[in-house]
Amino acid sequence: MLVLGIESTCDETAASVVVDGKTILSQVVASQIDLHDLFGGVVPELACRRHIDAIMPVITQALNEANKTIHDIDLIAVANGPGLIGALLIGIHAAKGLAFALDKPLVGVNHVEAHLYASMMSHQNPITLPAIGIVLSGGHTSLLYIKDIGKYELIGQTVDDAIGEAFDKVAKLLSLPYPGGPQIEKLAESGNADAFKFKCGNVKGKPFDFSFSGLKTAVMYTMRTLNLQEKGVIENLSASFQKTAFQDILLKAEAAAKEFNCRNIIFGGGVTNNRYLRAKFHESYLNCFFPDFHLTLDNAAMIAGLGYHVYKQNGPADLYHLEAKTRISFPIFS
Ligand code: KG4
Ligand code: ZN
């Protein structure tokens, strides 16, 4: 089954053609980083306008690179949430227009769930389930119990900043370009991670929830007492912040693995690009499954891949009722 995936939840316009949920024939991403860097973060209205310009050329390029025409496509899968409402609408309307005009089935895909599916696509052999899922991105920090594809239980999430957002905000404080995650990782390589003692927040009664806004504020107050021009200061701040944030995630992931009796842990999201994070988890007793590097950030291959399973499980969506959702819950099993 040939699936055309479409992604426009935030600041990337993407399209991809995938066979049977696994084999990627093409993957095109039009990034808007240049546009948002000017403002130090994503400006929703600008993102939306850029999606309008990019969506059809990106879809055309994905079909061309796959050596297919739109008529060859068996199913259209579009990310319908969570995300920025205006941005989501562009992808959804493009997908609906194509599905309606060409009489093709359409499915809506949960973008966060698709980040986890990106790891499943990255491994030749199916990952043994149940497993713990962990999504670390610019918009999400979620811990899930994955019973099967399409069957999840949300066991923890951030109560304030997402982990990628915390990286981006700390980077902004340090006057680094957007997105800040890769900048902090690079600076941290030559810094002393024990130079400053920071800590992350815990949520009373919710052992698997996260809180990073206090950590970000602590970095800000510490920063004010320092001369950032002094050699090694920014590097030490970056390394100490990064270590603290990832140690918290590791401890909570290990606790969740213990509680749910799963050693397999499946990762997704842009922050999993971070090699220090990967190394720390590989040192733990968990069996870690990371997405291939080309599938960590927002992309449409993961949407097409998961879309195949959504269609197999639930059939096509109703064209008139598929909506953009800024928040979307996981399909829960009982
Ligand atoms: O998954 P993604 O493309 O977007 C969302 O769905 O939110 O993730 C983007 C986030 C940004 O916050 C970016 O700073 C972060 O991923 N990121 C990183 C790294 N590469 C990207 N964070 C830490 N280390 C990295 N190497
Ligand atoms: Zn994402």
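This is a predicted model: local features need pLDDT of at least 70, side-chain atom pairs count only at pLDDT 80 or more; totals for chains, interfaces and linings use all residues.
Mentor: Let's start with the secondary structure labels: helices (H or I, at least four residues) and strands (E, at least two) are DSSP runs, numbered from the N terminus. Residues are numbered from 1 along each chain as its sequence is written, chains are lettered from A and ligands numbered from 1 in the order in which they are written, and side-chain values use heavy atoms, with hydrogens and water left out.

Trainee: Let's turn to the ligand. How many residues surround ligand 1, and which are the closest?

Mentor: A residue counts if one of its heavy atoms lies within 4 Å. Here 20 residues surround ligand 1, with Gly138, Gly139, Asp168, Glu185 and Gly270 as the closest. By class, the shell holds 5 nonpolar, 12 polar and 3 charged residues; Gly is counted among the polar ones, Ala, Val, Leu, Ile, Met, Phe, Trp, Tyr, Cys and Pro are nonpolar, and Asp, Glu, Lys and Arg are charged.

Trainee: Which polar side-chain atom lies 2.7 Å from an oxygen atom of ligand 1?

Mentor: Look for polar contacts, pairs of N or O atoms within 3.5 Å. The one you ask about belongs to aspartate 168.

Trainee: Where does ligand 1 sit?

Mentor: A pocket is an open set of points on a 1 Å grid over the protein atoms alone, where a 1.4 Å probe fits and protein lies on both sides within 12 Å along at least five of seven lines; lining residues have an atom within 4 Å of a point. A molecule sits there if more than half of its atoms lie within 2 Å of the grid points. Ligand 1 sits in the largest pocket. Helices H4 (111-122), H5 (163-173) and H6 (180-188) each give two or more residues to the shell around ligand 1, and H6 gives the most, 4 residues.

Trainee: What volume does the largest pocket have, and which element gives the largest share of its lining?

Mentor: A volume is the space filled by probe spheres set on the points, and for the largest pocket it is about 1,500 Å³. Its lining has 48 residues, with Ser137, Gly138, Gly139, His140 and Ala162 closest to the centre. H5 supplies the largest share, 6 residues, and strands S7 (141-148) and S8 (151-157) are among the elements supplying at least two. The lining divides into 17 nonpolar, 21 polar and 10 charged residues.

Trainee: And what lines the second largest pocket?

Mentor: That pocket holds about 400 Å³ of space. It is lined by 20 residues, and Asn80, Gly108, Asn110, Val310 and Asn314 are the closest to its centre. Strand S5 (106-110) and helix H10 (301-314) each supply at least two lining residues. By class there are 8 nonpolar, 8 polar and 4 charged.

Trainee: Now the backbone. Which residues does a cis peptide bond join?

Mentor: Glycine 81 and proline 82 are one such pair, with omega about -10°; proline 82 is in the loop between strand S4 (75-81) and helix H3 (85-102). Tyrosine 178 to proline 179 is also cis, with omega near -10°, and proline 179 is in the loop between H5 and H6.

Trainee: Which residue has a positive phi although it is not a glycine?

Mentor: Aspartate 20, at about 50°. You'll find aspartate 20 in the loop between strand S2 (12-19) and strand S3 (23-31).

Terms used. A polar contact is a pair of N or O atoms within 3.5 Å; within protein, one must be able to donate a hydrogen and the other to accept it, and residues adjacent in sequence count only if both atoms are side-chain atoms.
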